[in-house]
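Visitor: Hi! Could you walk me through a few of the helices in this one?
Guide: Happy to.

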Amino acid sequence: MLYNKQHGAELKRKAARVARLVPLMPRLGPETFRPPIVWGPFDGVDDEGVPLVEDRVMDLSLDRMQLPTRRQLPQPRPQMGPQGGPRPGIPVEVPDKKMRRSKAMDSEPNVVLSVLAHPDDAEFLCAGALIRLAQEHRWQVHIASMTPGDCGSMELPADQIAAIRRQEGARAAGLIGAVYHCLEERDLRVFYAEGPLERVTRLLRQVRPRIVLTHSPADYMLDHEMTSTLTRAAAFGAAVPNFFADRGMPPALPHIPHLYYCDPIEGKDALGRPVEPGFRVDISGVLDTKASMLAAHASQRDWLLKHHGMDQYVQSMRDWGRQRGKEAGVAHAEGFRQHLGHSYPQDNLLGQLLGVV
Ligand SMILES: [Zn+2]
């Protein structure tokens, strides 16, 4: 996280809150807190708004952090624009932040972007929400995959199956008037690294979404988890003008978009523990359209049949939607969790648009 000297007062206030939460941290208070650079969470909650447990809060101990002195710190950069207002795109904390954010969002087109690992992940995990945003609210929908699914075949070489799967992804997206993007990483080689982070950031600045959907931070395989981490970082960095400023990208976003995590596959993490959604949206009315989008990935039914022994490609999606729906008293649903870490939007825009069940 990036902080500078102008965040000092805010950080002091939050540090005082954290200190009140943890009596075992007598030194972490306004008297000993040294802005402007700090590592760690500062809202007393984690990235999904869950209150921190003591051992995580203790990581903030000044005794352990070895903060740099003021003399060692880089010179703060000016935060004011040419007219004296905040420089566009800098996510600074201001008293009327909510009002400024709402105003900025009103001027942005209504765009939703899903960034998932493989070409068919959106059709399994969040296409219901995407369809509803397109059909009920006329949002522009963009569906991105990190890879072209180049390992998704038992017979075809990587370049051939990748070409097929790019077409399938575009065809599926086209069914709802969405645009498909492939970021051209490779299956089982999605890494949190500068190259992929630059590509996701560039996509965000080109598409300029108000809502971003990505994988659960904990999922069944690392391509999904790395994609989640990359998208989280890019959502933050896309609103920082100096981030990749030398790479010829469109201007920074005016603010961090609303970021949501889809359910992990089968609703569980890599250790088999259930991952409960923060909220569910009803997709009963668009399930058939979602199934049609998934069926556009014809090559995958064959691949899953041979590799996983699963012959129910579309049916498995329907079954999972039914399970999430049953939990909420509707026929079919999709589950999401919102990223609620410091500086990310706190209002549930997706839930407001689609209704929470
Ligand atoms: Zn996947």
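Guide: In α12, the buried residues are Y313, M317, W320, G321, R324 and G325. Buried means 20 or more other C-beta atoms within 10 Å of a residue's own, exposed means 12 or fewer, and partly exposed is in between, with C-beta atoms placed from the backbone. This is a predicted model, where local features need pLDDT of at least 70, side-chain atom pairs count only at pLDDT 80 or more, and totals for chains, interfaces and linings use all residues. Residues are numbered from 1 along each chain as its sequence is written.

Visitor: Why do the buried residues of α12 line one face of the helix?
Guide: Seen down the axis of α12, they fall within an arc of 135 degrees, so they line one face. The arc is taken from the directions from the helix axis to the C-beta atoms.

Visitor: And which residues are exposed on the other side of α12?
Guide: Q315, D319 and K326 are exposed there.

Visitor: What covers the buried residues of α12?
Guide: The cover includes α5, β6 (279–282), α10, α11 (298–307) and β7 (333–338). Contact here means C-beta atoms, placed from the backbone, within 7 Å. Helices (H or I, at least four residues) and strands (E, at least two) are DSSP runs, numbered from the N terminus.

Visitor: Which residues are buried in α10?
Guide: L287, K290, M293 and L294. Their arc is 115 degrees, so they line one face of α10.

Visitor: New topic: where is M221?
Guide: M221 sits in the loop between β4 (211–214) and α9 (222–237). M221 counts as partly exposed because it has 16 C-beta neighbours inside 10 Å.

How values were computed:
Two residues are in contact if their C-beta atoms, placed from the backbone, lie within 7 Å.
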